[in-house]
Amino acid sequence: MNKVALRLLLAGVLSSAGHLQADGLEISQYREGRLLTCVPVTDGMFELSFIHSVSLTPVTDFYRLITSPVGDLTISQTAEVFIAHGQGLPSLVNEPDALSFEHRNGQFILKMDRKIGRLVVRTDQRFKNRLHTGNSTINLNQWPDSGLLFTPVSNCQQ
């Protein structure tokens with residue numbers, strides 16, 4: 001390949017780099033439907049962390065994006081990690097869609113394969129709601145306390 005052709009190819013790649021599309025999560029206000037942001041999820045995995053409202057202890061939920069054979073994206077919860085039982089937290093191995101339940105290093109770990117039809121997160125400043133994707137953390141409490149709808153998309157653009 002000659003130098004001119006290589007420069008043109010490189011210029012085309014660099015000019016389109018700002019328009020790359022990636023799988024991600026659109027975050028919108030649940031009731032109003034107003035789009036707040038789109039967060040790329042490049043490795044297909046993300047986490048939601050918060051302080052449990054009853055036990056006042058940290059909880060982390062793990063998720064992955066699943067691509068169907070026709071290209072649609074869905075969400076599956078893969079695990080929940082917490083340190084104290086309380087209302088709303090699993091306590092048995094026979095939880096719906098559970099694969100295993102263990103207590104290790106002071107933490108309860110429920111591994112699962114739970115398909116999520118609609119992921120709505122109720123936020124509250126007191127409970128430090130966060131979204132973790134790769135190396136970034138999004139403070140979900142930057143918006144007024146409400147319900148946030150997380151919708152998987154294959155063309156997340158910020």
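This is a predicted model: local features need pLDDT of at least 70, side-chain atom pairs count only at pLDDT 80 or more; totals for chains, interfaces and linings use all residues.
Trainee: Which residues does the disulfide join?

Mentor: Cys 38 and Cys 156, with 2.1 Å from S to S.

Trainee: Why does that pair tie together parts that are apart in sequence?

Mentor: Cys 38 sits in strand β2 and Cys 156 in strand β11, so the link ties together parts 118 residues apart in sequence.

Trainee: Are Cys 38 and Cys 156 buried or exposed?

Mentor: Both are buried.

Trainee: Switching to strands. What joins β1 to β11?

Mentor: 7 bridges. β1 covers residues 22-29, β11 covers residues 147-156, and the two run antiparallel.

Trainee: Which residue in β11 is the bridge partner of Gln 29?

Mentor: Leu 148.

Trainee: And how many bridges join β1 to β2?

Mentor: 5, again in an antiparallel arrangement, with β2 spanning residues 35-40. Within that pairing, Ile 27 stands opposite Thr 37.

Trainee: What about the hairpin of β1 and β2, which residue takes a positive phi?

Mentor: Gly 33, with phi near 75°. The hairpin has 5 residues between its strands.

Trainee: Zoom out. How many helices and strands does the chain have?

Mentor: 1 helix and 11 strands.

Trainee: How much of the chain is buried?

Mentor: 35% of its 158 residues. The chain exposes about 9700 Å², and carbon and sulfur atoms supply 53% of that area.

Trainee: What share of contacts comes from residues 24 or more positions apart?

Mentor: 52%, counting contacts in the chain with a separation of 6 or more.

Technical notes
Residues are numbered from 1 along each chain as its sequence is written. Side-chain values use heavy atoms; hydrogens and water are left out. Two strands pair if DSSP finds at least two bridges between them. Helices (H or I, at least four residues) and strands (E, at least two) are DSSP runs, numbered from the N terminus. A disulfide is a pair of cysteine sulfur atoms within 2.5 Å. Buried means under 20% relative accessible area, exposed over 50%, partly exposed in between (1.4 Å probe, protein chains only). Contact means heavy atoms within 4.5 Å. Accessible areas come from the Shrake-Rupley method with a 1.4 Å probe; for residues, only the protein chains shown count as cover.
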